[in-house]
Amino acid sequence: MKRHCSAPHKSSPLSSHTLGTLHSSFHCTIVFVLSGSRMAETQISLVPPPDTLDTAVDYKGRPAVRSTHGGWRSALFIVGVEVAERIAYYGIASNLISYLTGPLGQSTAMAAANVNTWSGVASLLPLLGALVADSFLGRYRTIVVASLIYILGLAFLTLSALLHSLDPLNCGRAMERNLCYSPHLQVILFFMALYLVACGQSGHKPCVQAFGADQFDGQDPQEVKDKSSFFNWWYFSMCLGAAFAVSALNYVQDYLNWALGFGVPCIIMLIALVIFLLGTRTYRYVVKSEERSPFIRISKVFATAARNWRTSASAIAAEQEAQGILPQRGSQQLRFLDKALVAPDSSKKDGSVCSIADVEEAKSVVRLFPIWATCLVYAIVFAQSSTFFTKQGVTMDRSIASSFSIPAASLQSFISIFIVIFIPIYDRLLVPFSRSMTGKPAGVTMLQRIGIGMLISAISMVVAAVVENKRLTVALEHGLIDLPHATVPMSVWWLVPQYALFGVADVFTVVGLQEFFYDQVPSELRSVGASLYLSIFGIGSLLSSFLISSLNKATSRDGRDSWFANNLNRAHLDYFYWLLAALSVLGLALFIYFSKSYVYNRRNFI
């Protein structure tokens, strides 16, 4: 008896080589030799175990097995590296305005603009990182490389703060001095390190979450539910890291040493990278398709539709009828892209015509833009918690005991605390209840979830405006208008409601956006989907910076005090908050308008 076997091509998932489609079985031809001259061939299909996955492989390129690869066991390794990244990011971002206005001696308006600019760039660069991951390196390799860049940036940041602490003219604690300039070397090194961290985040943020979601099979009913819960618990873990950063690390930075405050996140990121690498053998790696790059497919649809701009509706209808395409709700939108179904020269030579699948893929991407654009106001509001909320807290009574005061930046931990409290309530109580009412796997649609958070965000701005007006009134009553460094006799706990509303809003909108952009982009572009969600906050931060700079110039004319004056007792942050509340309502109205006509790409996941 002889046996000739053919197995599917195997290649390492960690290489940039595109993997072919894996088959769920392989064939062996067994040749039986009968009485020396007669032979019979029998082809037997050997089917792998039923829990073998067709869409994912292990680290050696073999078909992944559900019982040993992926799922929560693998997701926990990935969550660990994300928690560390959040500690590092918020260890910088949450108290950055204090460092800029203190050791670096910048004005409040300039520092807020610099914080928003850095935050915006850090949130936009993931678009580039996602392209690299989806087209070249893959998510796993991109995470490793990005983590190394991140650690390098944190090391340089620590060095820049250490140089300042060694400076004999150190003015880091002289917060009451209006002018406090540091050496040019320290400033250059600091901003270089800051944007090196942003480069590290560019590959880290879009890939880690998508790689974590890849550990759940979208075709398995139980794992579909697990994936929806994954986004909730993912954000829960992120916020634990953020809470640690804005409480413990901010205390270290304000009362001990800035170099130590930046050095601890560097060490934590290094440990997390080692833990992530330990999970390599357990991960599921998504198989890349042998088809053309999705970027090429989508670009070709736009190019072909543009060339066919004169094509009549009757020609398109004839082509659809020839292909046997049935009218669908999604196909009735963005009809101009249907012109890509017709070849420019009325022939189909050289693949000049696009398939209906390519056209619908392009439509699914275009439909995301109105949702993306209408969420920008939410991102502008989101940017205020790490800037003006913190500066408000500096002026208020932060004492808990006679010898201890809460660091102003640590107030941001209330956002994370309320997220940590509310996510279990949402996932274990609200989702099952709403699921029983609506019959939807997640209880509500992703867009409904996002809209609820946007409404709560608008309410938070109203509350912030009222509280700031109260603070200004108390300062006036006690004659503190011209004493910017005096403590206003008003408890800092007045700020807790606006932080709490921010936290609850994030559970709805931020988690909803993460799931929405992961789910609604083509499967090969899920890293890009994660970066699209991040780009909302990047553009929002830049818009916030532009808005602050414009209003600062407009409101300081003719010798008047700006809304963002260094002396917050003469500033009018309450006017700014009212403006943001009005913009939030407008953004929500537009969001609802576009959401009503949105067609989900994969209905079974909403």
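This is a predicted model: local features need pLDDT of at least 70, side-chain atom pairs count only at pLDDT 80 or more; totals for chains, interfaces and linings use all residues.
Local features were taken only at pLDDT of at least 70 and side-chain atom pairs only at pLDDT 80 or more, whereas totals for chains, interfaces and linings use all residues. Residues are numbered from 1 along each chain as its sequence is written, and side-chain values use heavy atoms, without hydrogens and water.

The protein holds 19 helices and 10 strands (DSSP runs, numbered from the N terminus: H or I of at least four residues for helices, E of at least two for strands). Of its 606 residues, 55% are buried (under 20% relative accessible area; exposed is over 50%, partly exposed in between; 1.4 Å probe, protein chains only). Among contacts (heavy atoms within 4.5 Å) with a separation of 6 or more, 79% join residues 24 or more positions apart. The accessible surface is about 26500 Å² (Shrake-Rupley method, 1.4 Å probe; for residues, only the protein chains shown count as cover). Carbon and sulfur atoms contribute 65% of that surface.

Helix α3 spans residues 108-124. Its end-to-end C-alpha distance is 24 Å, close to the expected 24 Å (1.5 Å times one less than the number of residues). The helix is mostly covered, with 12 of 17 residues buried. Val115, Asn116 and Trp118 are among them. The buried residues pack against α1, α2, α4, α6, α14 and α18.

Three strands form an open antiparallel sheet in the order β5-β4-β6 (pairing requires at least two DSSP bridges between two strands). Strands β5 (63-65) and β6 (285-286) are the edges. β4 (residues 52-57) pairs with β6 over 2 bridges. In one of these, Ala56 is partnered by Val286 of β6.

The structure contains 8 salt bridges (a Lys or Arg side-chain nitrogen within 4 Å of an Asp or Glu carboxyl oxygen). In helix α1, Glu82 and Arg86 lie 4 residues apart, about one turn. Their closest N and O atoms are 3.8 Å apart. Arg86 also meets Glu85, at 2.7 Å. Glu82 is buried at 1% relative accessibility, Arg86 at 6% and Glu85 at 0%. Asp561 and Arg570 form another bridge, at 3.7 Å. Asp561 is partly exposed at 41%, as is Arg570 at 35%. Shared partners join Glu82, Glu85, Arg86 and Lys205 into one network.

A nonpolar surface patch covers about 670 Å² (Val, Leu, Ile, Met, Phe, Trp or Tyr side chains joined within 5 Å, from residues with over 30% relative accessible area and no salt bridge; like charges are joined within 9 Å). Its members include Tyr251, Leu260 and Trp493. Phe404, also a member, lies in strand β9 and is partly exposed at 33%.
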